[in-house]
Amino acid sequence: MDLGRLVSILMAVVVFELGFAVLASGNFVFKVQHKFNGRERSLSALRAHDARRHSRILSTVDVDLPLGGNGHPAEAGLYFAKIGLGNPSKDYFVQVDTGSDILWVNCANCDKCPTKSDLGVELTLYDPKKSGTMSRVYCGDDFCAATYNGVLEGCTKDLPCQYNVVYGDGSSTAGFFVKDTVVLAQATGDDKTTPTNGSIVFGCGAKQSGELGTSSEALDGILGFGQANSSMISQLAAEGKVKKMFAHCLDNVKGGGIFAIGNVVSPKVNTTPMVPNQAHYNVVMREIEVDGDVLDLPSDVFDSSDRKGTIIDSGTTLAYLPNSVYEPLMTKILSHQPGLKLHTVEEQFMCFQYSGKVNDGFPDVKFLFEDSLNLNVHPDEYLFRIREEVWCFGWQNSGVQSKDGRDMTLLGDLVLSNKLVVYDLENQAIGWTNHNCSSSIKLKDSTGGVYSVGAHNINSAPRLISGTALLFSLLVFAVFSRVQ
């Protein structure tokens, strides 16, 4: 490389770092002066300078996402967060889903997009043409190739990068990717936040089907918080904006709760390792106890060739168990109420009439995981009431309910509510502890500052849900495919 070319490259790097847009023919002279010129340079001053410099280079922010909704299947049956998109920024209400990997919102001129919601929030259509910071994502862009593990056949570099997501309930969303500003609430003090901006790629929804196009649980979109590179947290972490760590505390008593990005330092949470190389947040379950008695289960029931561990999924309402687990679990629970008369509601829920306190009449269930992490589930956390003195079980037989016949183990909001759940993707671990989700937690940022993040409850309108929406406000599996 000749000297002239080297100088040109160095000048380009300097200009890029300073954020200037320049003409190729421009000539520039930069006056460079050492920070400590003309002043005493003590070692402590230099070290302090380096510490501040490093904190700027490596600093990440803690983010507080306002939360609404609840996990009661007979009411909202889902949790949603508020985020800002575009410039000027507009607010969007999106379902929080750790089981999928992209953020998408309904867009202007879309087909079958909902215009109103029964959840008590005002819906907003994202209009790419009205955002000054929007840019389209094309097939030749790195994001498109990375999302689909290569260039899509027939997708030339100058065509928009499209998406199509099919969820486990049969609903789907399709559209194209855009890149725009996301506005989040950065934690800057105890229960204090200030707006902070990032830049992310997300889906501009052009067509919805199934429950996504109805008004019963309609929201502006879905916030996929999976671990793939396409998820919002992965994109922000790749920018150095946040740590790849987040937590939620879903309040099933008052609604809403806490959803935050950052390193949780209080309360203390014990963790269990994530199963590597899985599309979802999978952990290893060892045993199940009912009222202190260990269920007699097949040795490989939680880790066969097509099932690697137990999925932790905030986008799913209920809990799904393989038939070989579901049957003995239900038998053991019902042995505490031998005279109970069961009936089926909507062809899928086992329900009964009961006038007493369920916590007194039914046993606790305990899930035991690798590294001695336990999940204790009380009766009022696996039973839900659909009307006065009529209760239903939140346990579901996954082999029967799954449309593709997958006999999986999946724990959703009903049993995860009223617990602080921490996802530490940097160390590939997940943990939880009982917590009052109407209170607060403490996060530690990269500079060592520790801040309290409190609970939110975005206004919603609880109501009884009828029809299949009672179950399938949940999202079990999401699959990418190209829009046909």
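This is a predicted model: local features need pLDDT of at least 70, side-chain atom pairs count only at pLDDT 80 or more; totals for chains, interfaces and linings use all residues.
User: OK, rings. How many aromatic pairs are there?
Analyst: The structure holds 21 aromatic pairs. Rings of Phe, Tyr and Trp (its six-membered ring) pair if their centres lie within 6.5 Å; planes under 30 degrees apart count as stacked, over 60 as edge-to-face, and the rest as tilted.

User: How do phenylalanine 225 and phenylalanine 259 sit?
Analyst: Their ring centres are 5.0 Å apart and their planes are at 85°, so the pair is edge-to-face. This pair links distant parts of the chain, 34 residues apart. Phenylalanine 225 is in the loop between β10 (221–224) and α4 (232–238), while phenylalanine 259 is in strand β12 (residues 257–261). Helices (H or I, at least four residues) and strands (E, at least two) are DSSP runs, numbered from the N terminus.

User: Are those two buried or exposed?
Analyst: Phenylalanine 225 and phenylalanine 259 are both buried. Buried means under 20% relative accessible area, exposed over 50%, and partly exposed in between (1.4 Å probe, protein chains only).

User: And tyrosine 382 with tryptophan 395, why is that pair stacked?
Analyst: The planes of tyrosine 382 and tryptophan 395 are at 25° and the ring centres 5.1 Å apart, so the pair is stacked. Tyrosine 382 is in helix α7 (residues 379–382) and tryptophan 395 in strand β26 (residues 395–397), 13 residues apart. Both residues are buried.

User: Which residues do ring pairs link into a cluster?
Analyst: The cluster holds Phe352, Tyr354, Phe362, Phe367, Tyr382, Phe393 and Trp395.

User: Switching to charges. How many salt bridges?
Analyst: The count is three salt bridges. A salt bridge is a side-chain nitrogen of Lys or Arg within 4 Å of a carboxyl oxygen of Asp or Glu.

User: What does arginine 286 pair with?
Analyst: Arginine 286 forms a salt bridge with glutamate 370, with the closest N and O atoms 3.8 Å apart. Arginine 286 is in strand β16 (residues 285–290), and glutamate 370 is in the loop between β22 (365–369) and β23 (373–377), 84 residues apart. Arginine 286 counts as exposed, at 51% relative accessibility. Glutamate 370 counts as partly exposed, at 25%.

User: What about lysine 332 and aspartate 293?
Analyst: Their side chains meet in a salt bridge at 3.2 Å, N to O. Lysine 332 lies in helix α5 (residues 323–334) and aspartate 293 in strand β17 (residues 293–294), so the pair ties together parts 39 residues apart in sequence. Lysine 332 is partly exposed at 26%, and aspartate 293 is partly exposed at 39%.

User: And lysine 419 with glutamate 381?
Analyst: That salt bridge is 3.4 Å, N to O. Lysine 419 is in strand β28 (residues 419–424) and glutamate 381 in helix α7, so the pair ties together parts 38 residues apart in sequence. Lysine 419 is buried at 1%. Glutamate 381 is buried at 10%.

User: Last one. Where is serine 100?
Analyst: Serine 100 is in the loop between β4 (90–97) and β5 (103–111). Serine 100 counts as buried, at 2% relative accessibility.

Conventions. Residues are numbered from 1 along each chain as its sequence is written. Side-chain values use heavy atoms; hydrogens and water are left out.
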